[in-house]
Every structure is written in C-alpha cells, then in structure tokens.
Amino acid sequence: MAATEFVTCDLLDDNSDKAIGVVSPYIDGKSFKNYGGRTSFGGQAVTVKCFEDNSRVKELLATDGDGRVLVVDGGGSIRCALLGDMIAESAVKHGWAGVIVYGCVRDVDAMRQMELGVQALASIPQKSTRKGIGEVGVTLQFGGVTIRDGDYVYADNNGILVAAEPLI
C-alpha cells in the first residue's frame, strides 16, 4: 500500500464506521505538516514513545519496514528534532512508508526529495540527544486520538486518519 495514492477525506467518507478517529489539526497551537517527498502515505502503525531522544526511532527505521508507518510520540516537544535526513534515508532503504512525529524533524529540504511520507509539528535544526531511552509498541495518545501499535494510519495534506483495520 505504500505507493497507493489516496485522499484521507475519501477514505473517511467511505469508511466512517471503521475509523478510530482523526488527529486534531491543532495541538497546543501547532499543526502537523508534510515534510517528506510522499505527501500521501499510510500503513500499519509501529509506535514509539520518546522525549527528546531519537535512539528508538533510529533503531526501528533501520529494520525492515514492509510498508509500515512509524508513529512517534515525542511529547510535542519543539526543542529538538527526532528525525533527520540520515535516519529518513535509512527508512527509505528499509521500506518504510512514512513517519509521523508528534514533535520536530530537521533536514526538511533533503527529506522532501525522498520517497518517504513525513509529517511532524515543526522543523528545527537542533538534533536530539541519544541516551537509549524510549518505549516501543506502546499505546499513544495525542491530538484527541488513541493510536495502538498495529492500528492503521493514513496521512496526507488533509490530515491523519487512524483505523483498527486496513482501509485500502
């Protein structure tokens, strides 16, 4: 499904009974924006919760993605980036469809050239620290939606849709 084009509005209209929810477009005065070369992307969610430490993000995106989407709960921090061009290149190499970051990214001009979906709250040049801290496979809650490891997420310029089963 990674390369399938879709519009989240149509997916929601056609599957409103299957949708868990839509991530709020504004969270604490910030909103998700597209930073990757793929503006519509979706797949099964792999969840990670980390705060200002991208150790688990780097580790996960260096594994076989099989068209999945990494959903990162960075606590909404805008002090440092949890994804940059080198880790994004690893994601492309390993077949990830995309990354959703409830936080910041960096190297956005380079990521716009990659065949990877990336949505985040903002960009910032500051990289994160790596202390090996973070939880993988946990239930996340942000933007008024609960996202469980294994749910399906779909993102485009209209927003982010979450479902318990594939919609495509």
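UniProt positions are given in the numbering used here, feature names are shortened, and annotations may be inferred rather than shown by experiment. The structure is a predicted model, in which local features need pLDDT of at least 70 and side-chain atom pairs count only at pLDDT 80 or more, whereas totals for chains, interfaces and linings use all residues. Residues are numbered from 1 along each chain as its sequence is written, and side-chain values use heavy atoms, with hydrogens and water left out.

According to the unreviewed UniProt entry, the annotation "binding site" covers G84, D85, M86, I87 and R106. These residues span 23 residues in sequence, yet no two of their C-alpha atoms are more than 10.5 Å apart, so they gather at one spot. G84, D85, M86, I87 and R106 also belong to the lining of the largest pocket (on a 1 Å grid over the protein atoms alone, an open set of points where a 1.4 Å probe fits, with protein on both sides within 12 Å along at least five of seven lines; lining residues have an atom within 4 Å of a point).

G84 is located in the loop between strand 4 (69-73) and helix 3 (85-93) (helices, H or I, of at least four residues and strands, E, of at least two are DSSP runs, numbered from the N terminus). At 11% relative accessibility, G84 is buried (under 20% relative accessible area, with exposed over 50% and partly exposed in between; 1.4 Å probe, protein chains only). Not counting residues up to four places away in sequence, G84 touches R106, D107 and M111 (contact: heavy atoms within 4.5 Å). D85 lies in helix 3, and with the same exclusion its contacts are R106, D107, A110, M111 and M114.

Three aromatic pairs are present (rings of Phe, Tyr and Trp, the last by its six-membered ring, with centres within 6.5 Å; planes under 30 degrees apart count as stacked, over 60 as edge-to-face and the rest as tilted). F6 and Y154 are arranged edge-to-face, at 5.6 Å centre to centre and 90 degrees between the planes. Because F6 lies in the segment before helix 1 (8-14) and Y154 in strand 10 (residues 152-156), this pair ties together parts that are 148 residues apart in sequence. The rings of Y102 and F142 are stacked, since their centres are 4.7 Å apart and their planes at 10 degrees. Y102 in strand 5 (residues 98-105) and F142 in strand 8 (residues 140-142) are 40 residues apart. Ring pairs join F32, Y102 and F142 into a cluster.
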